[in-house]
Amino acid sequence: MFLRLLYQSFRRQQRRKLLAGFAVTLGVAVATAMIAVGVDVGDKINRELRGYGANIVVYPDDQALSVRVGDQELKPASPGTHLKESTLPNIRGIFWGHNILAFAPFLEEQVQGPSGTLRIIGTYFDKPLRFGTEEFSTGVEKLYPWWKVEGTWPRDSGTDVLVGSQLATRLGKQPGDSIALSRLSMRIGGILTTGGSEDVAIVAPLALVQQLAHASDAVDKIYVSALTKPEDAFARRDPDRMTAADRDRWYCSPYANSIALQLREVFPGARAEQIRQAAQNEGTLLSHISGMMLLIALASLIAAALAVSAAMATTILERRQEVGLMKSLGATAPTIASLFVSEAALLALGAGILGFLLGDAIAQRIGQAVFHSSVAITPVLLPMVMFLALLVTVGGSAAAILRALKLDPVLVLRGDA
Amino acid sequence: MSVRASMFFHVLKRGLLGRGNRPLIAFIALTVASTMVTATLSLYYGLENKLNRDFRSYGANITVAAPEGQSLPTDAASHVRSILGIDAIVVPFAFAVMHTSGEEAVVVAGTEMDEVRRLNTWWSVSRWPNGDDEALVGARVESHLRLTDASFDLDFAGQKFHVRRSGMLKTGADEEDRIYVPLGTFERLTSLRPSLLEISAPGSREQVTAVVAQLQSRLPGMQVKPVRQLLQAQGAVVSRMRSVMFASTLLIALTVALCVFSTLTSSVLERRRDFAVMKAIGSSQITVNALFAGEALTIALCAALAGYVLGSGVAAWISQANFHAIVTPQISVLPLVILADVALALLAATVPLARLQRIEPAGILKGE
């Protein structure tokens, strides 16, 4: 009998159920979408901020002090030690290797140009590398997305070079021209604008500069861009003075400092430092944005809960006559209540799943439209959202059910209540 | 006032005040909705400013450099300050290569310590210089040249001077290879003037780009450049966040509108007997509609005002808690909230009224 009542209720009152179901679907969809986006937005903005450039630098421990004022190197570089280029792919093998978004090695040399000495910087543009079975490519094109090249980017295996924009103006060079460097003639692939000191230098493939410097396998500096966790008090502690458990926890957190330590382990005799300008400020910005989005997600959760419970209350209050009839036919209050609660629960489950799928779609739309990438939705979200939908739907109905039960059936059926 | 009009207002007043908690429920629903919408809209409008302000902690977004081997005009810093106003931070830098007593070359920079401290908040400094003869020593300078004594000598063009070490500077970048001394001291000893200005100008990417163009025309011969990586990251993050907030605001507004709509609809439907009685004793359809609309309008206006005040409070609390910044209530949000509330309330009243109009009053009164 109970089940038949339940079944008939859904069959006969399709319009009303549709309205309530629509409210639950929309509420769950909004909550799902906002939680998914709110949780993921930190990671997305983190990647966006990595467009700011490197946040970790690796260089030999005994590298001489740079004595440069503006663009003038005032002391010839002493033949210090170098890092090994052949070790570079191992960067991918550190504990947080997958958080390394890009890196690029740099080797600088002074060469004899058409009018005096010039600075030539060797680096990777977009070099294919292999670590184990994993193939990837990295270089300045990824590390410094703001570098603007007029012409074409050189190939890492080629002999084309980029000339800084200010230098190009001074020398009157265009892309496609050739430039004589240390008696070698090289083709200019493009003109480079960075807004930094590269504007008055030549940027060339690393192999070419190693050849000019007679230093094979040598690298001066490596700039690394890694996804990091904002620094907190724990991150600033000295790992050497921690207990073993704390040290493990520190090592296994993607702090800029712990990634720097792991990089140091790859390059013996090297120093790895976080670039504070990038690393420190990112943290504040990220925590502001994530905090804001979580509050917004919370607000949408409240809005969704309100909408669902209002809709449920409305549909139940509209059915007072039904309650009166059941009561006059001898149904007890618990029976009536359980009927309504089961209805609400069924509605919550059905419309909740639909809402979850819709919310997923909305989150993906936002992700694609705003960040051009999909939004990761954790599977944990489904049971969480379903539980909330159930709670809100049944809870929202409860007050209305109690109110309907308190009414005198005689008055209700006469239409006086 | 005619009898008819005074009767109308009397019924309206009774409808609002004399009927238990039904108008109250509608009022609460609308107030909650307006609160939510006001809060998210205020945050949406204030977000851009806050993010732009956050990006200023990255330091300079514009540099002004003198041509190679020259210095800036003497009044360059104050000139730029007068152009940009007090919100901008302008820090002059002068550089010279000096030698330590161990004959090691090192770059010494003169700058205004108070200003650089405001500009580069990420500098990790053990103690900032106070006196004229105090210097900030870069971490790598300290470890390479073993300048760990409380004071040391620097030699510039055969002229020696004595500085006291105030603290160590860690940045992870080129600054660690330098020694920083107060600009006044630097100029007195070397008679070199600043060759570089680092400027942090407030505002969005577009505003900063406009400032660059302005400075370029006011400082001919100087190289005025935007710090491209900073502006690019700022532009990207701000526009992304703006879109995300816009989508969120829209979704939240949609949900609360749905909530209000179903509450108001049911409150009108519940009153079909009032409606039937009014028609039965001879009031016209227009009067009845006007009465319901008047009620909805009154409730909507009160709710919009209450929601605006509450929502501004919520927005202020959120930005205080999250950004540690005070937001001033956005007046531009108010008309939007009022308009949305009134439209919503009228719409929510119209749909059930249209349905009721088709029914005979006698039928409703008989309870069919």
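Reader: On what conventions do the descriptions rest?

Author: Residues are numbered from 1 along each chain as its sequence is written, and chains are lettered from A and ligands numbered from 1 in the order in which they are written. In this predicted model, local features need pLDDT of at least 70, side-chain atom pairs count only at pLDDT 80 or more, and totals for chains, interfaces and linings use all residues, while side-chain values use heavy atoms, with hydrogens and water left out.

Reader: At what angle do helices α2(A) and α12(A) cross?

Author: Two packed helices are described by the angle between their axes and the distance between the axes. Helices are DSSP runs (H or I, at least four residues), as strands are (E, at least two); axes are lines fitted to C-alpha atoms over the stretch in contact, with angles from 0 to 180 degrees between N-to-C directions. Here α2 (residues 14-49) and α12 (residues 381-406) of chain A cross at roughly 140°, and their axes come within 11 Å. The two are therefore oblique (angles under 35 degrees count as roughly parallel, over 145 as roughly antiparallel, 65 to 115 as roughly perpendicular and the rest as oblique).

Reader: Which residues meet between α2(A) and α12(A)?

Author: V24(A), V28(A), T32(A), I35(A) and A36(A) of α2(A) meet L381(A), M384(A), V385(A), A389(A) and T393(A) of α12(A), contact being heavy atoms within 4.5 Å.

Reader: Which residues touch the most other members of the largest nonpolar core?

Author: In soluble globular proteins, nonpolar side chains tend to be buried together. A nonpolar core is a set of buried Ala, Val, Leu, Ile, Met, Phe, Trp, Tyr and Cys residues joined through side-chain atoms within 4.5 Å; buried means under 20% relative accessible area, exposed over 50%, partly exposed in between (1.4 Å probe, protein chains only). The largest core has 101 residues, of which V41(A), I45(A), L49(A), I289(A), L30(B), F55(B) and M241(B) touch the most other members. Helix α8 (residues 228-269) of chain B gives the most to this core, with 17 residues. Leaving aside neighbours within four places in sequence, I45(A) contacts L286(A), I289(A), F371(A), V237(B), R240(B) and M241(B). Another core, of 41 residues, lies apart, with I56(A) and L107(A) among them.

Reader: Is L197(B) buried or exposed?

Author: L197(B) is buried, at a relative accessible area of 1%, and belongs to strand β9 (residues 196-200) of chain B. Beyond residues up to four places away in sequence, L197(B) touches several residues, including I62(B), V64(B), L72(B), V80(B) and P92(B). The C-alpha atoms of L197(B) and I89(B) are 10.0 Å apart, although 108 residues separate them along the chain.
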